[in-house]
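Thanks for coming, everyone. Please put the structure up on the screen, and I will walk you through it.

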Amino acid sequence: MDKTVIIGKINDFLVDEFEVDADTITPDANLKDTLGLDSLDYVDLVVTVESNFGVKLGEADFVGIATFQNFYDLIENKLKAKQ
């Protein structure tokens with residue numbers, strides 16, 4: 001899957017699931033602050049990623065994930081590892 005497709009798909013479900021303005025989602029924006037994530041929201045995020053991409057995320061995967069770019073890279077790497 002192409003990186004631009006991955007980013008577009010992620011942004012689409014983030015806007016839908018977390019009801020944020022698409023303009024606030026930029027590669028260098030803080031993921032947690034922009035989406036207003038709490039611990040339950042992380043569970044929703046994991047479930048949404050699994051259903052959209054077929055990859056599993058664990059708590060350890062979020063260590064070091066601060067920005068949307070970090071998150072995009074995480075999903076892209078998970079997809080590559082799955083192939």
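Let me start with a term: helices (H or I, at least four residues) and strands (E, at least two) are DSSP runs, numbered from the N terminus. By that rule, Ile75 is found in helix 4. We will come back to that residue.

Two words on the source. This is a predicted model, where local features need pLDDT of at least 70 and side-chain atom pairs count only at pLDDT 80 or more, while totals for chains, interfaces and linings use all residues. Residues are numbered from 1 along each chain as its sequence is written, and side-chain values use heavy atoms, with hydrogens and water left out.

Now the overall picture. The chain has four helices and zero strands. Its pattern along the sequence is α-α-α-α. The C-alpha trace spans about 30 × 25 × 20 Å along its principal axes. How does the radius of gyration agree with that of a compact globule? With 83 residues, such a globule would be near 12 Å, and the chain has 12 Å. That radius is taken over C-alpha atoms, and the globule rule is 2.2 Å times the number of residues to the power 0.38.

Next, burial. Buried means under 20% relative accessible area, exposed means over 50%, and partly exposed is in between (1.4 Å probe, protein chains only). In this chain, 35% of the 83 residues count as buried.

And contacts. Contact means heavy atoms within 4.5 Å. Take the contacts in the chain with a separation of 6 or more: residues 24 or more positions apart account for 60% of them.

On to helix 3. It covers residues 39-53, which makes 15 residues. From first C-alpha to last it reaches 21 Å, close to the 21 Å expected at 1.5 Å a residue. The expected span is 1.5 Å times one less than the number of residues.

Which residues of helix 3 are buried? They are Asp41, Leu45, Val46, Thr48, Val49 and Phe53. They cover an arc of only 165° around the axis, so they sit on the same side of helix 3. The arc is that of the directions from the helix axis to the C-beta atoms. As background, an α-helix has 3.6 residues a turn, so residues three or four places apart point the same way.

What do those buried residues pack against? Helix 1 (3-18) and helix 4 (68-82). The face turned away from the buried side carries the exposed residues Ser39, Leu40 and Ser51.

Look at the ends of helix 3. Asp38 caps the N-terminal end, with a side-chain oxygen 3.0 Å from the backbone nitrogen of Leu40. Just after the helix, Gly54 takes a positive phi of about 70°.

Now helix 4. Its buried residues are Phe68, Phe71, Tyr72, Leu74, Ile75, Glu76 and Leu79. Their cover includes helix 1, helix 2 (31-35) and helix 3.

That brings us to the core. A nonpolar core is a set of buried Ala, Val, Leu, Ile, Met, Phe, Trp, Tyr and Cys residues joined through side-chain atoms within 4.5 Å. The largest one has 25 residues, and those with the most contacts inside it include Ile10, Leu14 and Ile75. Helix 4 gives the most to this core, with six residues.

Back to Ile75. Buried or exposed? Ile75 has a relative accessible area of 0%, so it is buried. Not counting residues up to four places away in sequence, Ile75 touches Ile6, Ile10, Val49, Phe53 and Leu57.

Glu76 is in helix 4. Glu76 counts as buried because its relative accessibility is 13%. Its side chain makes a polar contact with the side chain of Lys3, at 2.9 Å. A polar contact is a pair of N or O atoms within 3.5 Å; within protein, one must be able to donate a hydrogen and the other to accept it, and residues adjacent in sequence count only if both atoms are side-chain atoms.

Asn70 is also found in helix 4. Asn70 is partly exposed, at 26% relative accessible area. A polar atom of the Asn70 side chain lies 2.9 Å from the backbone nitrogen of Ala66.
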